[in-house]
Amino acid sequence: MALKKACDQKSLREATLRERAIQFHQLAEHFNEVFYLYTLDYSQLLYINPAYETVWQRSCQSLYAHPLEFVESIHPDDRDRIEIEMQPLIEGVSDFRGEYRIIRPDGSERWIYDRTFYIYDEAGNPTQVAGIATDITDRKQAELALQQLNTELEQRVIERTAELTQVNARLHQELGERERTQQALKASQHKYQTLFNILPIGISITDAQGRLIEANPASERILGLTYDEQVQRTYDAADWHIIRMDGTLMPAEEYASVRALRENCFIDDVEKGVVQPNGSICWISVSAAPIPLDDYGVVIAYVDITDRKRAEASLQASEARLRFALEASGAIAWERNLQTDELFFTATTTEAIPFTLSYTDALAQVHPDDRDRVHQANQVAIAHQGSFQIEHRIAASDHSSGWRWLQANARVLYDKQGNPDRLIGMSVDITTLKQVEAALQASEAQTRAVLTAIPDLIVLISRDGIYLDSIRSSSLMDLISTHTNPIGKHIYELLPRAIAERELQAIHQALTTQEPQIYEQQVWIGERLQYEEIRIVACGDNTALIIVRDISDRKQAELTLQESNRRWQSLLDTIELAVIELDRHGTIEYANPFLLNLMGYTQSEVIGQSWFDQFVPSYIKPEVIQVLSEMLAQTSTYVHHQNPILTKSGEERMIAWNNTLLKDTNGALIGTISIGEDITDRDRLEQMKREFVSVVSHELRTPLTSMQAALSLLAERIVDPASEDGQSVIQIAAEGVDRLVRLVNDILDLERLESGKVRLEKQTCDIAQLMTRASEEMHELAKQAGITLKVTPQTCSVYADGDRIVQVLINLLSNAIKFSSSGTVVQLTVAQHEKELYFTVTDQGRGIPLDKLDYIFERFHQIDASDSRAKGGTGLGLAICRSIVQQHGGRIWAESVLGAGSAFHFTLPYAERLSDG
Amino acid sequence: MLKGYPMVKRVLIIDDEPGIRKIVQISLKAIAGWEVLQAASGQEGIAIAQTQHPDAILLDVMMPGLDGIATFQQIHTNLALQNIPVILLTAKAQPNEQQQFAELQIAGIITKPFKAPDLVHQLRQILEWD
């Protein structure tokens with residue numbers, strides 16, 4: 001049983017083992033990794049799975065046949081290392097785990113991970129060597145790539161690190177530099193600000209529009225404007241008053257600042273003047289540069305050059321003066337070297353160049369006439385150790401202007417041994433001086449000749465009255481003729497005391513005041529009274545010139561002229577004629593008192609005024625201007641014309657002018673003078689006369705026409721007197737005769753009344769009676785006209801010519817009746833006033849126009865001529881009435897309302913009657 | 001108007017004096033056989049001239065209202081009347097008075113007073129009436 005059991009157990013174990021071996025085999029056969037099993041000494045391969053063929057690309061059979069083929073396939077480079085690494089396994093210390101390469105039959109390499117271990121028996125002794133080899137080529141390649149990548153990365157890290165280190169170092173450096181820069185900037189800013197503030201140069205900084213951004217304190221002083229005031233102005237504002245160096249106004253487009261900004265370039269050194277608000281000018285030199293920054297425009301720097309300008313001007317003036325002095329003097333310095341006998345000339349003028357000449361050549365330039373003298377002077381100076389001064393001529397440098405006069409001053413200089421060494425000199429051009437001298441001499445001679453020729457007596461006299469010299473005049477020497485030579489004599493010995501005293505007094509006055517003393521005196525020379533003009537002129541401090549001129553003729557002419565002027569003035573002042581003097585343009589130069597009085601102006605109101613504009617009515621102005629123009633052009637024969645003038649009150653006066661041309665002493669036309677007669681009244685009378693004659697002529701000719709025509713018809717037997725036409729003709733002629741008779745009677749009556757040839761038969765009359773008489777006379781006429789005549793007689797007395805009063809009443813009543821319509825009333829009333837009787841004749845006729853009322857009492861001034869004639873009037877009735885009333889000391893007038901009627905009034909005074917008693 | 005049978009000349013006298021008008025009428029009729037139309041004023045004369053169209057007008061100068069000059073000017077500016085010859089009759093015989101007529105385009109002037117045959121003679125001359 002036990003055996004069985006043991007057999008069973010053994011069988012069971014063996015079965016298990018087999019099953020396991022089968023399982024292992026199956027597993028190994030499908031295992032992707034190479035599984036091998038060797039004997040301990042590798043002499044025999046116990047097992048290799050098929051994966052070997054896949055990995056090693058060799059057959060398992062071949063390995064079984066050559067068990068060491070496995071080892072031989074290991075890469076030669078790895079064999080030694082594997083041998084060492086396998087040492088612990090061989091020694092039984094530990095398993096082997098290692099990696100190596102194998103070389104396949106095709107030569108390709110594969111990486112293998114090998115784990116080799118011993119298989120032990122139950123007793124713990126090793127029996128076999130087993131191993132598992134895994135193809136790790138892919139992993140190895142990945143590892144290698146990774147390793148390469150890692151290496152690269154590491155390299156890059158190293159490189160990056162190096163870079164970073166470098167950058168860091170640079171950054172550190174930069175930071176340091178920046179800090180230093182900032183420090184420097186701060187310092188610079190501080191320096192700049194300090195400079196900006198303390199620089200004597202004005203600095204202004206503007207934006208792109210020229211508005212001030214910044215300005216330093218110097219700018220305030222130079223521009224004369226505070227910063228705040230400057231801010232108010234743009235750089236080209238019209239407020240700036242900038243002038244050029246020549247003083248003209250500088251336009252803004254010329255400003256350095258404006259140009260710098262406009263042309264975008266640096267503008268340097270523009271000189272100009274800034275007129276400060278207080279009016280003073282600051283001269284500046286301006287430079288401007290654009291600022292290439294967004295918010296900036298231009299920086300302007302300006303230096304105050306006022307002082308420099310002043311100094312320059314002063315220097316220029318000084319230089320000019322110096323140059324002028326040298327050039328004007330025409331001086332030349334020279335030095336004659338006695339050893340070389342050369343002359344070295346140094347010009348003093350700036351243009352001239354120094355030069356050297358031999359003494360001989362220099363002497364050749366001297367005028368032949370002066371040459372010996374010049375040489376002589378040189379020789380004498382050298383020989384006698386001295387100097388010389390000489391005037392000589394020398395050829396002019398341009399050889400065209402002849403000879404120049406020079407004045408040479410020279411001095412000899414000696415060497416240490418005391419021998420003459422050099423001659424130094426200075427020659428001055430005295431040509432002009434010589435010319436002036438010559439001219440002066442000529443002038444003196446001329447003056448003397450002129451003085452001798454003029455008819456004045458000229459005496460040079462001392463302060464105390466001694467005659468020093470005289471230029472004799474033929475006529476005036478008469479006065480001192482008794483003294484053949486007055487020189488050295490005292491004025492008292494030569495002239496009458498009074499005249500001498502007056503002259504002495506004037507001499508003192510002239511010497512004291514240095515003003516010429518002029519007066520006139522009269523001197524009897526024999527029988528002749530001579531007028532003299534004495535002119536005393538100071539001649540130095542102690543002598544005077546007395547110039548005595550015979551002015552008798554002039555004086556006589558003056559007196560004559562004065563007298564003539566007085567007469568003319570008197571005539572112009574008193575003449576009853578207008579006198580007016582006009583210049584060529586019609587401006588009043590003179591108007592005499594008569595004309596002024598006539599016009600109502602004063603002298604000052606008319607002188608200088610235009611005659612045509614102010615004193616001639618405008619409607620006649622062109623005509624008057626033409627008269628003057630034609631006269632001045634001397635084309636007109638007009639010397640007479642008449643025109644109205646305007647008075648101050650606006651009234652016109654008619655003046656008849658006689659015009660004459662006015663010439664000056666050279667015969668040049670200077671205007672006109674006109675003498676005029678005021679013919680206004682005469683003109684008016686003429687006009688009235690013409691009108692009167694015209695009316696009278698008409699009034700006479702009208703009846704005469706009827707008469708002559710009618711009578712000619714009868715006389716020529718053109719019409720039969722017995723015929724109807726004949727009767728009409730006779731009737732017309734008769735009416736004409738009647739009218740003419742009435743007219744002649746009225747004219748004569750009026751003439752007699754007005755000339756006082758009719759003596760009024762005055763007596764005390766009863767007014768009632770007179771009124772009744774007139775009323776009765778008019779009764780029939782009124783009745784025929786269908787007019788009611790109302791007369792209210794009043795009993796009172798008046799001292800008058802009764803018949804004439806009745807004539808007046810009849811005239812007024814007949815007029816009233818004739819000019820009234822049928823059915824109206826004509827009334828005659830009388831009223832007693834305080835001092836007079838008041839008669840009134842009223843009608844209800846058509847009335848009289850107002851403008852005629854003033855004239856109806858004039859001769860032939862009827863309201864309507866035909867009316868009067870148609871009513872049998874002569875045109876003289878009212879004129880006769882007026883004359884009669886006036887002869888009685890009364891008044892007559894008319895009042896009227898057109899269309900309503902008229903009232904004729906006249907008065908007779910009581911006074912006359914009472915006084916006549 | 002028939003050829004060979006001239007119409008009787010008709011003259012208009014404008015004068016405010018009835019005596020003058022009458023004597024002119026008798027004279028012209030008796031001596032020349034002319035017919036005379038009469039007007040006592042300028043206005044009346046113009047009215048008659050417009051209706052009657054006389055062959056000539058004798059015009060007094062010194063008349064009330066419209067005087068001779070004013071009347072002439074109205075005739076002269078009237079298209080219907082301006083061709084009628086106008087002779088002024090005037091008592092104004094002074095040279096200065098006659099001067100004012102010089103500028104008027106009148107046919108002629110006859111001065112008052114006049115004899116009847118002379119009046120006709122002068123009219124014939126002025127008007128060139130045979």
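The legends below describe close-up views of a predicted model.

**View 1. The contact between chain B and chain A.** The contact draws on 25 residues from chain B and 27 residues from chain A, and the two chains bury about 2,200 Å² between them, with 67% of that area on carbon and sulfur atoms. One salt bridge is counted between chain B and chain A; in it R739(A) pairs with E17(B), and the closest N and O atoms are 3.0 Å apart. Five residue pairs are found in polar contact across this interface, with both residues of each pair at pLDDT 80 or more. On the side of chain B that touches chain A, at least two residues come from each of α1 (18–32), α4 (95–99) and α5 (116–127) of chain B, and α1(B) gives the most, with eight residues. Sorted by class, that side of chain B comprises 13 nonpolar, five polar and seven charged residues.

View 2. S706(A) belongs to helix α22 (residues 680–715) of chain A. Because its relative accessibility is 8%, S706(A) counts as buried, the cut-off being under 20%. Leaving aside residues up to four places away in sequence, S706(A) touches I732(A) in chain A, and G19(B), I20(B) and I23(B) in chain B.

**View 3. The surroundings of T90(B).** T90(B) is part of strand β4 (residues 86–90) of chain B, and with a relative accessible area of 1% T90(B) is buried. When residues up to four places away in sequence are not counted, the residues that T90(B) touches are V61(B), Q98(B), F101(B), I109(B), I110(B), T111(B) and K112(B).

View 4. Helix α25 (residues 802–818) of chain A has 17 residues, and from its first C-alpha to its last it reaches 24 Å, close to the 24 Å expected at 1.5 Å a residue. The helix α25(A) is mostly covered, since 14 of its 17 residues are buried. A salt bridge joins D803(A) to R773(A), with the closest N and O atoms 2.9 Å apart. This pair links distant parts of the chain, for R773(A) lies in helix α24 (residues 767–785) of chain A and D803(A) in helix α25 of chain A, 30 residues apart. R773(A) counts as partly exposed, at 37% relative accessibility.

**View 5. A salt bridge between R244(A) and E254(A).** Over all chains the structure holds 42 salt bridges, and one of them is formed by R244(A) with E254(A), whose closest N and O atoms are 2.8 Å apart. Both R244(A) and E254(A) are in the loop between β8 (242–243) and α10 (256–263) of chain A, ten residues apart. R244(A) is partly exposed, with a relative accessible area of 27%, and E254(A) is likewise partly exposed, with a relative accessible area of 28%.

**View 6. The pairing of R882(A) with E858(A).** The side chains of R882(A) and E858(A) meet in a salt bridge at 3.3 Å, N to O. R882(A) lies in helix α28 (residues 877–887) of chain A, whereas E858(A) lies in the loop between α26 (850–853) and α27 (865–870) of chain A, so the pair ties together parts that are 24 residues apart in sequence. With 32% relative accessibility, E858(A) counts as partly exposed.

**View 7. A network of salt bridges in chain A.** The residues linked in this network of salt bridges are E520(A), E533(A), R535(A), R554(A), K555(A) and E558(A). Side chains of opposite charge can pair when their charged atoms come close.

Note on methods
Residues numbered from 1 in each chain as written. Chains lettered and ligands numbered in written order. Predicted model: local features only at pLDDT ≥ 70, side-chain atom pairs only at ≥ 80, totals over all residues. Heavy atoms only, no water. Helix = DSSP H or I, 4+ residues; strand = E, 2+ residues; numbered from the N terminus. Expected span 1.5 Å × (residues − 1). Buried < 20%, exposed > 50% of the residue type's maximum accessible area, 1.4 Å probe, protein only. Contact = heavy atoms within 4.5 Å. Buried area = accessible area lost by both parts, 1.4 Å probe. Salt bridge = Lys/Arg side-chain N within 4 Å of Asp/Glu carboxyl O. Polar contact = N/O pair within 3.5 Å; in protein donor to acceptor, adjacent residues only side chain to side chain. Nonpolar A, V, L, I, M, F, W, Y, C, P; charged D, E, K, R; others polar.
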